[in-house]
Amino acid sequence: MEPSPSFDRLSKGDIILITGVSGLLGSATAKEALQSGFHVRGITRDPSKLLDLKAKSDHDFGEGKFEVCRVEDMTKPESYSPHLQGVSGVLHIASDASFKPAPKETIDGTVAATVGLMREAAKVPSVKAFTLTSSRVAAFNPPAAGERLQVTSNMFLHDAADRALATPVTDPDLPSLSYQASKVEGEKAAWAFYRNEKPGYVFNAILPDWVNGTPVNPWPGFYTTYTWMVEFYKGRYEPTSIFHVFSNPPSTCVALRDVAALHVISLAASEVSGERIFAIEGTWSAGDVAGAIVKVDAAWQPPKRCAEAMPRSDILVPNQRFRDLIQKYCGRPLIKLDEVIAEVVMDCKLV
């Protein structure tokens, strides 16, 4: 992404701190920030996951522009303090995506990490903007077949934590409910801190859903939605698979490059202030993904259960702001599902 003249909150050379920088979205956002002329200070629990990415970034953008910092426990606010000095913008992308059947632990850890980082950032005068990566699951669940859902910008699943905490540990849905509850409570706590404490920086929240794209980080690890999509391509589509859970009923999706670009825009452009932005391109279903794969690999056979998959849901999401920002600052429309699925298949070298 080439920086627009309207990038008037941050300047070239400013430092952006990114948590979860080794992951799918974190590494892609780091690349977007570097391409836009910013320096990146990446926070990770395990620096070994970033050795190859740092080497690649040093080669592509110059040494010293991508810095790796270790924070073993992100729930401890004091862990961030030494890494925030000189930072102009913070992107809190890291989240607990372990899908453990432990709602209280997941919720408490998410809230502590989010509010702790916001509080420490508020102590640093150079920080001008802070963006939290929330999720569609914090706002709504997809409707049942035949029903329509009109999403509003202030929608929250306020009962998610209660439902998760009341669910037996043996329930197969508990891991997903725990993750959802952590996203709800983490974002709610962030907005409460921002409104009550009134820090000197601008706060925004971005809500993506099922992010499709190939990893920027060369490290051969686990990359959430990318890994689950590869598993689907390889034939895994039983009720216990995450892809099956998220596609029955199906919800919404977005391209990795678009979400990464929006994160940088939310920090660098002063017009984005105090906003909750749905980073969603459109609706999708397992059948849509299967159709996109077949266009690239005509010999591929969808998993048998795919024939029973639910059709796409009727969801109306307020995503015009997202579309407008990408068009303005990237000079193009949002990337469509077929294009990004083709990239995933080709990247896996499975065709």
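## A walk through the nonpolar core

Start with the largest nonpolar core: it has 73 residues, and those with the most contacts inside it are Trp210, Phe232, Phe243 and Ile341. A nonpolar core here is a set of buried Ala, Val, Leu, Ile, Met, Phe, Trp, Tyr and Cys residues joined through side-chain atoms within 4.5 Å; buried means under 20% relative accessible area, with a 1.4 Å probe and protein chains only. Helix H9 (residues 256-268) gives the largest share of this core, 9 residues. Helices (H or I, at least four residues) and strands (E, at least two) are DSSP runs, numbered from the N terminus.

Before you click on: this is a predicted model, where local features need pLDDT of at least 70 and side-chain atom pairs count only at pLDDT 80 or more, while totals for chains, interfaces and linings use all residues. Residues are numbered from 1 along each chain as its sequence is written, and side-chain values use heavy atoms, with hydrogens and water left out.

**Select Trp210.** At 4% relative accessibility, Trp210 is buried. Its contacts (heavy atoms within 4.5 Å) include Thr225, Met229, Phe246 and Val254.

How do the rings of Trp210 and Phe243 sit? Their centres are 5.5 Å apart and their planes at 80°, so the pair is edge-to-face. Rings of Phe, Tyr and Trp (its six-membered ring) pair if their centres lie within 6.5 Å; planes under 30 degrees apart count as stacked, over 60 as edge-to-face and the rest as tilted. Trp210 is in the loop between strand E7 (202-208) and strand E8 (211-212), and Phe243 is in helix H8, 33 residues apart.

With Trp210 it makes a tilted pair, 5.2 Å centre to centre and 35° between the planes. Trp284 lies in the loop between strand E11 (282-283) and H10, so this pair ties together parts 74 residues apart in sequence.

**Move on to helix H10 (residues 286-296).** Its buried residues are Ala286, Val289, Ala290, Ala292 and Ile293.

**Last stop: Thr29.** Look in helix H1 (residues 24-35). Thr29 is buried, at 0% relative accessible area, and its contacts include Ile18, Leu91 and His263.

Key:
Buried < 20%, exposed > 50% of the residue type's maximum accessible area, 1.4 Å probe, protein only. Lists of a residue's contacts leave out its neighbours within four places in sequence.
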